[in-house]
Amino acid sequence: MSHRKPITFLLIPLSVTLQAIAAVMGKFASLEVDSRRLSGIDAIISNPWYLGSLFFLGLQAIAWQLVMRNFPLSWAYFFNSMLYVLLLIAGVTFFGETVTAGNIAGTFLIISGIALMAKSSPNAGHRNKP
Amino acid sequence: MAIMLAILGIILTALAQVLLKKGAAQAKNRPIIMTWFHPLVLGGYALLGIVTLFNLAAFRVLPLKTSVILLPWTFILVTVFSRLFLGERMHKDQITAALLILAGLVIFVL
């Protein structure tokens, strides 16, 4: 932990943000493309929102593998669960979804469960060293 | 139908995570490029690519916030699949955590 470069601490929030952007772009793509039709495959692979979603997932994959290489899995999984909060905010902001008190309470309970699961993982204290 | 596609996507995501986990473990003492190009890692990301197509169909109907009750299942399934495919032991805390997540899911949908 002590030899880690400060910039590596940005990897987890970066990874979570990239994943949230990909999810939002994927939702925009799903609203534009009629994926129920087989003939829609051309429309899918040429849809800018879908391509954008794949691009950000690709960037997230690069960041996530670096996270797994540099941080204990417990850290990585716990902070990755912050994605749920971002998705709730994105749902309201971009798609006019409603969020109830139950949604918020449930989300924090889910994050608590993930924190406990990550902490109790057999590899919780390990990280993949280069 | 949409929810079935989303659930199938979650199962495939959990399988992909197991591949990524196994790939990352096997690549740790190898050159950094293998972090991304280990065959298991590539297989994991290919599976995640397929999941994007399932999600495209599912989230046409489902609200984005449904992700919050779908994605946590990957943690539960990864734990179960790690037990089945990687031989990792399940601890009491992991079962408690799974119950906490399930309680959160119930409260979320109430």
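Chain A has a mean pLDDT of 82, with 82% of its residues at 70 or more; pLDDT is the predictor's confidence in each residue, from 0 to 100. The structure is a predicted model, in which local features need pLDDT of at least 70 and side-chain atom pairs count only at pLDDT 80 or more, while totals for chains, interfaces and linings use all residues. Residues are numbered from 1 along each chain as its sequence is written, and chains are lettered from A and ligands numbered from 1 in the order in which they are written. Two residues are in contact if their C-beta atoms, placed from the backbone, lie within 7 Å. Where pLDDT is low, the predicted coordinates should not be read in detail.

Chain B contains 6 helices and 0 strands (DSSP runs, numbered from the N terminus: H or I of at least four residues for helices, E of at least two for strands). The C-alpha atoms of chain B fill a box of roughly 50 × 35 × 20 Å along the principal axes. Of its 110 residues, 45% count as buried, that is, with 20 or more other C-beta atoms within 10 Å of their own, C-beta atoms being placed from the backbone. Among contacts in chain B between residues at least 6 apart in sequence, 73% join residues at least 24 apart.

The contact between the chains takes 43 residues from chain A and 39 residues from chain B. On the side of chain B that touches chain A, α6(B) gives the most, with 12 residues. By class, this side has 24 nonpolar, 9 polar and 6 charged residues; Ala, Val, Leu, Ile, Met, Phe, Trp, Tyr, Cys and Pro count as nonpolar, Asp, Glu, Lys and Arg as charged, and the others, Gly among them, as polar.

Helix α1 (residues 11–32) of chain A packs with helix α3 (residues 39–58) of chain B at an angle of about 55 degrees, their axes 8 Å apart. The two helices, α1(A) and α3(B), are therefore oblique to each other. The residues making the contact are A:Gly26, A:Ala29 and A:Ser30 of α1(A) and B:Thr52, B:Asn55 and B:Leu56 of α3(B). By class, the contact of α1(A) with α3(B) has 2 nonpolar, 4 polar and no charged residues. Axes are lines fitted to C-alpha atoms, for helices over the stretch in contact, and angles run from 0 to 180 degrees between N-to-C directions; angles under 35 degrees count as roughly parallel, over 145 as roughly antiparallel, 65 to 115 as roughly perpendicular and the rest as oblique.

Methods: A residue is buried if 20 or more other C-beta atoms lie within 10 Å of its own, exposed if 12 or fewer, and partly exposed in between; C-beta atoms are placed from the backbone.
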